[in-house]
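Please examine the sequence and the three-dimensional structure shown below.

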Number of protein chains: 2
Amino acid sequence: MEFETETNEIQVGVVGLGLMGSSIVVALLVAGHPVSGVAPLPGEVDGALQRIKSHLRHCQESNLLSQPIESYLERLTLSEDYQILNNCRLVQECVVEIKEIKAEVYKKIHEATREDVIVSSNTSAIPISMLQELSPVPERFLGIHWAEPAYLTRFLEITKGQQTSDETGQWVFQLAHSWDKEPTFLQKDVRGFVTNRLMYAVYREIFHLIEKGETNLEDVDKAWRYDAGSWMTFMGIFRRMDYLGLEDFPQICRNTFPKLNKMTRVPEVMQTIADERARGIQDGKGLFTYSGEEAKHWEEAFAAFNKDIFRLAEKYPSRPLSDKSEIQQGDDK
Amino acid sequence: MEFETETNEIQVGVVGLGLMGSSIVVALLVAGHPVSGVAPLPGEVDGALQRIKSHLRHCQESNLLSQPIESYLERLTLSEDYQILNNCRLVQECVVEIKEIKAEVYKKIHEATREDVIVSSNTSAIPISMLQELSPVPERFLGIHWAEPAYLTRFLEITKGQQTSDETGQWVFQLAHSWDKEPTFLQKDVRGFVTNRLMYAVYREIFHLIEKGETNLEDVDKAWRYDAGSWMTFMGIFRRMDYLGLEDFPQICRNTFPKLNKMTRVPEVMQTIADERARGIQDGKGLFTYSGEEAKHWEEAFAAFNKDIFRLAEKYPSRPLSDKSEIQQGDDK
């Protein structure tokens, strides 16, 4: 299926204008779409507009804009009223991870929009197959999972649920190629999605080592940043294995797998933090502690880093020689 | 313990001049040490010298050298004879991961060197506590674990075994601060070390998802590069959790941990590769396939990427405000 329509002719909607929703609105504006943003919570529109303007300035500093900021804002409509979605072809839901609330949102979207609308969720907590049962039109429902900040990361995971039609999945996958992303298309609904799922395997093992007193938070972060971080953006998991030569892996799997942790409970450190209702950088209390100045630093430094790593990733594409043959074996396995 | 001696007055040795050994020789030369490199395999010296020269040119292109390449080569001695180690304070072993061979190497090192020599291993397969039993002087034996390429990565993991003396550990840890690294110091001997151990937790889970047909190699690498890679070099594991706000983690641990895989066998794909004796980028057959041109591309591109990510990591230090208070909570937990 070829995509013949320009993004500026495809109206898209976003419901839920919190941190992630605002960031997705900006990604879609920058991709050229006219965007309708619905704030289901009263009074949320003003804060969302400020966030969106601030993100657009960040895009401008990062040389992502082809037009002045005002041109993007002219294509944006924000309201508490779902009726502004009436002409949308795609509506992204980004509301709180509570099924009853999402069900209500899907009902309101379908009441307000045209018949062929596709609805997507940014959920990372509820399986798409479960969520689509709450939708009046499950075959035109799927997951679109963004990374923060949505306008300055290349990651985008599109996930079909059991009832999602092929046509819906393909349409969104094709469209997403106009968004300056490296979209992946999951045919099956893996709970937690790939990266999240793998990170929880990492969390389980590392909290186990911390609980045993084998290492400490600061050393782990150093190891992860300077060791894993030294190849991750370049290679991913499997190409790195190819790079290292594969010879020792089977033996190390046999030695190491039986020693990996199998805990199913919440790690002690996480439970302590939950009991204290600590919110990390937001309130200065977390796994580390932060003064106001430090919290501000981490926010600003990450905004700068996002820009740097986005450009760096661009220098090292997945298919550098524009030759698709190299990935076919991977696809088949 | 303060380090009062300049690196150029501390002779160090490397035994085993394969890919990793050659790379470590260069890291130590660049740090200012006079280096004695022993090739335990006959005929290995010539190839090692070529690799070392090539690495030094890579360092020069990356602006890591303060002197001409020749000055570094003047401080290098290569031989098959262990006697060149006679004045070394520290000898790094980088030979094949076979205990009998390592035991023989440790014996020869101690026969050739001064009484107070410290011996370190780059092993990532054998616990340091087990390995040091093969050493004639276990209290002056420890692990120094480098990342490839050793001269252009910030990672360095120093690991004490059960019998390693505090003095030995501290001496090496202090010295390593002259090497332009971000060294971590493991007081206990965690089999597989932190990053390797966590990567095997990742491998187990991801090969399980691949075996179930839930995803494919190419999509996983994309997700890992563009999602995990978008924050890893900046934040590490725990600071990212603080950044995300911590609120949802306990619930997702409870939901996700019980679903994570517990396999102890070698994953099918890895077993197939082992049966085929595929060597990845080295022979063009691996998880992906590679033409000669593609293999060359990945080697060269990674050399360029190393330089970029090394500089990028430098822009975002672990303790940006030079205030150590923020990490104390982390240290205590």
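The paragraphs that follow treat the sheet, the core, the chain contacts and some backbone details in turn.

The model is predicted: local features need pLDDT of at least 70 and side-chain atom pairs count only at pLDDT 80 or more, while totals for chains, interfaces and linings use all residues. Residues are numbered from 1 along each chain as its sequence is written, and chains are lettered from A and ligands numbered from 1 in the order in which they are written.

We begin with the sheet of chain A. Helices (H or I, at least four residues) and strands (E, at least two) are DSSP runs, numbered from the N terminus, and two strands pair if DSSP finds at least two bridges between them. In chain A, eight strands form an open sheet in the order 3-2-1-4-5-6-7-8, with mixed pairing. Its edge strands, which each pair on one side only, are strand 3 (76-79) and strand 8 (182-186). Within chain A, strand 5 (residues 118-121) and strand 6 (residues 141-146) run parallel and are joined by three bridges; A:S121 stands opposite A:G143 of strand 6.

In chain B, strand 7 (residues 155-160) deserves attention. Strand 6 (residues 141-146) of chain B runs antiparallel to strand 7 and is joined to it by five bridges, with B:H145 having B:E157 as its bridge partner. Strand 7 of chain B also pairs with strand 8 (residues 182-186) of chain B, in the parallel sense and over five bridges; here B:T159 has B:L186 as its bridge partner.

Is a residue buried or exposed? A residue is buried if 20 or more other C-beta atoms lie within 10 Å of its own, exposed if 12 or fewer, and partly exposed in between, with C-beta atoms placed from the backbone. Six of the six residues of strand 7 of chain B are buried, so this strand is largely enclosed by the rest of the structure. In a regular strand the side chains alternate between the two faces of the sheet. Accordingly, B:F155, B:E157 and B:T159 are buried on one side of strand 7 of chain B, and B:L156, B:I158 and B:K160 on the other.

The next topic is the nonpolar core, a set of buried Ala, Val, Leu, Ile, Met, Phe, Trp, Tyr and Cys residues joined through C-beta atoms within 7 Å. The largest such core has 185 residues, and those with the most contacts inside it are A:V26, A:V202, B:V26 and B:V202. Two residues are in contact if their C-beta atoms, placed from the backbone, lie within 7 Å. Not counting residues up to four places away in sequence, B:V26 touches residues including B:I52, B:L56 and B:Y151.

Contacts also link the two chains: 108 residues of chain A are in contact with 107 residues of chain B. On the chain A side, helix 7 (residues 194-211) provides the largest share, 12 residues. A:Y243 lies in helix 9 (residues 232-244) of chain A and counts as buried, because it has 20 C-beta neighbours inside 10 Å. Among the residues that A:Y243 touches, leaving out those up to four places away in sequence, are B:G280 and B:W298.

Some backbone details remain. The peptide bond from A:E148 to A:P149 is cis, with omega near -10°, and a cis peptide bond also joins B:E148 and B:P149, with omega about -10°. Phi of A:L246, a residue other than glycine, has a positive value near 70°. A:L246 is buried, because 23 other C-beta atoms lie within 10 Å.
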